[in-house]
Amino acid sequence: MKRIGFLSWALWFGYAFLYVPIVLLIVYSFNDSRLVTVWAGFSTKWYAELLHNDTLLDAALLSFRVAAVSATLAVMLGTCAGLALSRFGRFRGRTLFGGMITAPLVMPEVITGLSLLLLFVAMEQWVGWPDGRGVTTITLAHTTFTMSYVAVVVQSRLAGMDGSLEEAAMDLGARPAKVFFVITLPLIAPALVAGWLLAFTLSLDDVVVASFVSGPGSTTLPMVIFSSVKFGISPQINALATLMVLVVATGIFVASIVMARQERQRKRDEQMAIQNG
Amino acid sequence: MTALVSLLSRVGLWGRGVVVAIPYLWLLLFFLVPFLIVFGISFAESIIAQPPYSSLVEWQVDPDADTSKLQILLNITNYFRLAGDDLYILAYLNSVKIALVTTLLCLLVGYPMAYAIAKADPARRGPLMMLVILPFWTSFLIRIYAWIGILKGNGVISNLLEWAGITSGPVEILYSDWAVYIGMTYCYLPFMVLPLYSTLEKMDPTLLEAAADLGSRPFKSFLSITLPLSLPGIVAGSLLVFIPAVGEFVTPELLGGPDTLMIGRVLWNEFFSNRDWPVASAVAIALLLVLVVPIMIFQHIQGKQAEAGK
């Protein structure tokens, strides 16, 4: 009995550790005082100020654009990579390929950022592209480090799924491309959605790599937040953080409900198929 | 008919080749080649030019003898500078120390959590794990920022301690190594809980029942059964925390003091403040050398896991 007591204490401590800072952040975004830690009454003025901060809004817009494009590219590349790793058996150079997929997951961001910047500079010298640093280079960099996450998510979904449906379709004469689009793709769709969301969030969150590969006039939202946080805390950042948490929480909530419903539907269909068959 | 089939299967093979080739070429160009360039530039000299490093390869034309030669200049002073300057060595040692403490703290907080969730009612496990992962989806930067308001003098903790009468004045935890430990543990905790949970969840509960039937006390069963069986999860989680933590930049920059030396910060300053790209590259290569063994172990585990998933 005592052990169970300890475990639930540990669990509650862990959750408190994870959530109390976020809750405090949200609470103080409604604080009237500029001093973030002294409560001076309820106010929404920081939200109003946020709406008039053009630097921040421009940066947010840029970040959303970069995140959307790089997440889409990452899903395409990551799906190919995940498919290759889990369905193609052994091919030449597979070890190197697997290594290049997993290494970015743990690679310190300063190394990724520096190495990509040096690549872009060298490429500009040799082939004249990309012309300077900016949105293009940030997008390419984000695609590169987020595609690994997508590949791992897709790979684990494919590994958890047995290949009998694909084999059946193949036996019935469907061509590989058709099998992929008609059978595999709908089955791994939840992993693709999860992978896209993950890539989008990681891109929207990145400050280190973006600082290395960005140029003048391409300041992303995390870069703006980072430089203003370095000068101390401001309730405007609290308001911004609250909005971001709200968006993420809503997104996750909606996605998990949709996915749970689809999963139930799929189970029902399977049951029906078994009963009718 | 057979001709058609063989043609189609060739198209299938060709299609497979394309599916592999696209991400493969992408990673070769944007992941592997950049490392080679960093390695190359770490042997260059810092010069005032655009880009600010000397060329390694030079084509020298000798007008007297009417000959020309290719000269390759490798400059290893950058590495001597790293080895000779206490600042760099201290930064490396300190980074490894901070990463180790962070890993240990994550293990101490994360193991009981993962264990409790794995032992919970199966229907509740999903939502409980969701709650662990959810903060990971909110911005890393924002989560670090949240701790500034908590840890600073006159911050939440300081006010609480004063209110409780434990301290008489403001307490400043911010800008110290401890603030970095707390911030990094906070950010990396989900990476520890996730692999721990997946190994603990797969564990066969009948093993513990058998041990209990044979008279083993719960704590002893934990030490001799649960802990060894969860070792793969411990190793995977620790590597997932340790490797990126060694090169961490944002947390020590925002929560640490000026004397919280970490190699990520040194690299950043060499690059952005001193604009010394060759030394920054040498720092990156030296950091990679420290991490190459942990990264290889991590890849080995990751590869085995992917095989086992099939």
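This is a short chat about a predicted model with chains A and B.

User: Which residues of chain A does UniProt list as "transmembrane region"?
Analyst: The unreviewed entry lists residues 12-30, 62-85, 97-123, 135-158, 179-199 and 237-260 of chain A.

User: How much of residues 135-158 is helix?
Analyst: In chain A that span is 100% helix and 0% strand, and its end C-alpha atoms lie 33 Å apart.

User: And residues 12-30, how far apart are the ends?
Analyst: The end C-alpha atoms of residues 12-30 of chain A are 27 Å apart, with the span 89% helix and 0% strand.

User: Switching to the contact: how many residues from chain A and from chain B?
Analyst: Chain A gives 69 residues and chain B gives 76 residues.

User: Which element gives the largest share of the side of chain A?
Analyst: H1(A) does, with 14 residues. Elements giving two or more residues to the side that touches chain B include helix H6 (135-159) and helix H11 (235-276) of chain A.

User: What about that side by class?
Analyst: The side of chain A that touches chain B has 52 nonpolar, twelve polar and five charged residues.

User: Now chain B. At what angle do H4 and H7 cross?
Analyst: The axes of helix H4 (residues 122-137) and helix H7 (residues 177-202) of chain B cross at roughly 150° and come within 9 Å. Angles over 145 degrees count as roughly antiparallel, so H4(B) is roughly antiparallel to H7(B).

User: Left-handed or right-handed?
Analyst: The crossing of H4(B) and H7(B) is left-handed.

User: Which residues make the contact?
Analyst: H4(B) brings Met129(B), Val132(B), Ile133(B), Pro135(B) and Phe136(B), while H7(B) brings Pro190(B), Val193(B) and Tyr197(B). The contact of H4(B) with H7(B) has eight nonpolar, no polar and no charged residues.

Note on methods. Residues are numbered from 1 along each chain as its sequence is written. Chains are lettered from A and ligands numbered from 1 in the order in which they are written. This is a predicted model: local features need pLDDT of at least 70, side-chain atom pairs count only at pLDDT 80 or more; totals for chains, interfaces and linings use all residues. UniProt positions are given in the numbering used here, feature names are shortened, and annotations may be inferred rather than shown by experiment. Helices (H or I, at least four residues) and strands (E, at least two) are DSSP runs, numbered from the N terminus. Two residues are in contact if their C-beta atoms, placed from the backbone, lie within 7 Å. Ala, Val, Leu, Ile, Met, Phe, Trp, Tyr, Cys and Pro count as nonpolar, Asp, Glu, Lys and Arg as charged, and the others, Gly among them, as polar. Axes are lines fitted to C-alpha atoms, for helices over the stretch in contact, and angles run from 0 to 180 degrees between N-to-C directions. Angles under 35 degrees count as roughly parallel, over 145 as roughly antiparallel, 65 to 115 as roughly perpendicular and the rest as oblique. A crossing is left-handed if the near helix is turned anticlockwise from the far one by less than a right angle, and right-handed if clockwise.
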